[in-house]
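Hi,

Here is the structure I said I would pass on to you. Have a look at it first, and then read my notes below.

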Amino acid sequence: MLARLTYLAVICLVLLAPVASRAQLQNQGQTVENLYLAAEHVTRGIQYAAMNLWDEAEQAFWEAVALDYENSMARQGLGDVYREKLLFEQAIENYQIVLNNQPNNVDIQYLISLSYYDNHEYEKARVASEK
């Protein structure tokens, strides 16, 4: 009898876990659908960037950010687009959001340093490169 109750309890937990995680996402203002759509926009943005269609890539990445504000791939994509457009301050702003979510991301730290350097802010580039 105890084994059967344990089995039923495990089944209930397995079935209710997705509901609980979905509710948690909705409490944060996100749904699984929004996260999925954001990923689709990011993929489209990456494709546009690969074709050097920077305005279209920017729009796709912003659509992803509208669905998932801290989406690291969308924010990095926006940073890359702005670096290509020579809008270094906006690039740094988006890279910084990624770095806040992923503090040990050395690639993003490098891109921040390069953006400062390309914007002729050499001291900030040096400081960023030493982090």
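**Around N71**

Let me start at one residue: leaving out residues up to four places away in sequence, N71 touches A38 and V42. One thing to keep in mind as you read is that this is a predicted model. N71 sits in the loop that links helix 3 (54-67) to helix 4 (72-84). Is N71 buried or exposed? Its relative accessible area is 11%, and the cut-off for buried is under 20%, so N71 counts as buried. The side chain of N71 also reaches the backbone nitrogen of M73, at 3.1 Å.

**The chain as a whole**

Of the 131 residues in the chain, 31% are buried. If you take the contacts with a separation of 6 or more, 35% of them are between residues 24 or more positions apart.

**Helix 2 against helix 3**

A38 and V42, the two residues touched by N71, turn up again here. The axes of helix 2 (residues 32-50) and helix 3 come within 8 Å and cross at roughly 165°. An angle over 145 degrees counts as roughly antiparallel, and that is why helix 2 and helix 3 are described that way. The crossing of helix 2 past helix 3 is left-handed. On the helix 2 side, the contact is made by N34, L37, A38, H41, V42, R44, G45, I46, Y48 and A49. Helix 3 brings W54, E56, A57, A60, F61, E63, A64 and L67. Sorted by class, this contact has 12 nonpolar, three polar and three charged residues.

**V81 in helix 4**

Next, find V81, which lies in helix 4. V81 is buried, with a relative accessibility of 1%. Which residues is V81 in contact with, leaving aside its neighbours within four places in sequence? They are W54, A57, E58 and F61. Among these, W54, A57 and F61 also belong to the contact of helix 2 with helix 3.

**Helix 5 against helix 6**

The other pair I looked at is helix 5 (residues 88-101) and helix 6 (residues 106-118), whose axes come within 9 Å and cross at roughly 160°. That angle makes helix 5 roughly antiparallel to helix 6. Helix 5 passes helix 6 in a left-handed crossing. From helix 5, the contact takes in F88, A91, I92, Y95, Q96, V98 and L99. From helix 6 come I108, Q109, L111, I112, S115, Y116 and D118. By class, the residues of this contact are 10 nonpolar, three polar and one charged.

S115 is worth a click. The residue is in helix 6 and is buried, at 0% relative accessibility. What does the side chain of S115 meet? A polar contact of 3.3 Å joins it to the side chain of R83. A polar atom of the S115 side chain also lies 2.8 Å from the backbone oxygen of L111. Setting aside neighbours within four places in sequence, S115 is in contact with R83, F88, A91, I92 and Y95.

Cheers

Key:
Residues numbered from 1 in each chain as written. Predicted model: local features only at pLDDT ≥ 70, side-chain atom pairs only at ≥ 80, totals over all residues. Heavy atoms only, no water. Helix = DSSP H or I, 4+ residues; strand = E, 2+ residues; numbered from the N terminus. Buried < 20%, exposed > 50% of the residue type's maximum accessible area, 1.4 Å probe, protein only. Polar contact = N/O pair within 3.5 Å; in protein donor to acceptor, adjacent residues only side chain to side chain. Contact = heavy atoms within 4.5 Å. Axes fitted to C-alpha atoms, helices over the stretch in contact; angles between N-to-C directions. Parallel < 35°, antiparallel > 145°, perpendicular 65-115°, else oblique. Left-handed = near helix turned anticlockwise from the far one by under 90°. Nonpolar A, V, L, I, M, F, W, Y, C, P; charged D, E, K, R; others polar.
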